[in-house]
Amino acid sequence: MLAPADTPLAWAARHSPDRVSAVGVLAVRIRRYLTTGADPSLAALPGLRVRVAGQAERPLWHESTGLYGFLNIPSGDARIEIDDPAGRYQPQAISALVPDRSALKAALEAAEAPPAVPPPAYPTVDLRPGLAMGLPPATTAVWGVLRDGSRAVPGALLSLATVRNGAADTVSTLSGPDGSFLLVLPFEVIDRGVNPPLRDFNRALTVFAPRPALAAALAAQGFLAGQPTNVFGLSAAERNALFLLRGFQLRDAGGALHPQVGGQNPPVSVSVGRKVRLDIELLP
């Protein structure tokens with residue numbers, strides 16, 4: 001029950017989780033990506049920087065709901081940019097359609113009966129791990145740097161085949177501002193059905209490098225501001241307009257080259273329970 005002389009808006013301001021539905025317009029749910037086919041981690045990710053491009057408002061973090069909530073974003077299409085000051089997760093941008101709930105806010109400020117308005121926007125984003133993430137022991141992962149000649153390539157779309165519960169799956173990421181990448185494969189397991197058990201497996205890697213217009217945007221605007229929104233949800237046509245499929249060779253941590261054979265890209269050797277370095281060298 002509201003205290004005497006209180007208003008619904010003042011009440012909502014003191015109860016941050018409730019204000020999302022009471023007066024908020026946008027609430028971003030951020031989760032940890034696992035694989036393309038697996039449900040993301042349900043654990044909420046605090047400590048991130050979340051902003052709407054062109055807007056000064058910074059969201060409130062709601063610990064009980066795991067949401068980053070905004071109150072004053074104008075209605076319409078919004079570009080939401082997320083990054084992690086600690087570097088545990090890779091920066092990513094998504095889009096959302098923010099509803100017009102101004103009539104509700106006006107009524108609450110006047111202590112009038114609230115009108116019917118659309119609910120807040122609740123977009124979700126699944127963040128990929130960054131190189132600064134502390135990976136637990138026995139994590140299966142592949143990392144390295146993507147280069148085109150001597151130049152590091154930021155913002156390339158990488159997809160690596162994996163296996164989850166015996167079925168085909170994939171993990172995906174973008175190469176970072178310095179061309180580095182990290183692909184974590186959480187469901188790879190040792191095959192104990194053979195003797196000796198198999199720990200190492202060859203997996204197919206696909207590399208889409210930014211086309212010149214996207215590469216120029218990344219260079220001019222910065223890695224996050226120049227990044228396409230919803231990059232991991234692009235249709236094939238949208239992806240091909242921004243990225244170009246490239247052939248490559250690999251170089252391991254010891255300097256040994258893994259070249260193409262018969263025009264086919266070399267496979268990535270995944271070692272279960274180990275973090276392996278393989279640099280990617282794009283071919284003309």
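**Notes on cores and pockets**

1. The largest nonpolar core has 22 residues, and those touching the most other members are L26, V28, I30, L48, V50, I80 and I82. A nonpolar core here is a set of buried Ala, Val, Leu, Ile, Met, Phe, Trp, Tyr and Cys residues joined through side-chain atoms within 4.5 Å; buried means under 20% relative accessible area, exposed over 50%, partly exposed in between (1.4 Å probe, protein chains only). Two or more residues of this core come from each of β1 (26-32), β2 (49-52), β4 (67-70), β5 (76-83), β6 and β7. Strands (E, at least two residues) are DSSP runs, numbered from the N terminus.

2. This is a predicted model: local features need pLDDT of at least 70, side-chain atom pairs count only at pLDDT 80 or more, and totals for chains, interfaces and linings use all residues. Residues are numbered from 1 along each chain as its sequence is written, and side-chain values use heavy atoms, with hydrogens and water left out.

3. Beyond residues up to four places away in sequence, I80 touches L26, V28, V50, R51, V52, Q92, A93, I94, A96 and P123; contact means heavy atoms within 4.5 Å. A second, separate core has 21 residues, including L146, V207, F248 and V270.

4. The largest pocket has a volume of about 420 Å³. On a 1 Å grid over the protein atoms alone, a pocket is an open set of points where a 1.4 Å probe fits, with protein on both sides within 12 Å along at least five of seven lines; lining residues have an atom within 4 Å of a point. The volume is the space filled by probe spheres set on the points, which are joined across faces, edges and corners.

5. Of the 21 residues lining the largest pocket, R128, S172, V231, F232 and G233 lie nearest its centre. Strands giving two or more residues to this lining are β6 (92-98), β7 (124-127), β10 (157-164), β11 (167-174) and β14 (205-210). By class, the lining has nine nonpolar, nine polar and three charged residues.

6. The second largest pocket has a volume of about 250 Å³. Its lining has 19 residues, with R32, L34, T139, V184 and P186 closest to the centre. Both β11 and β12 (180-184) give two or more residues to this lining.

7. S180 lies in strand β12 and is buried, with a relative accessible area of 12%. Leaving aside neighbours within four places in sequence, S180 is in contact with L131, G144, V145, L174 and S175.

Notes: Helices (H or I, at least four residues) and strands (E, at least two) are DSSP runs, numbered from the N terminus. Ala, Val, Leu, Ile, Met, Phe, Trp, Tyr, Cys and Pro count as nonpolar, Asp, Glu, Lys and Arg as charged, and the others, Gly among them, as polar.
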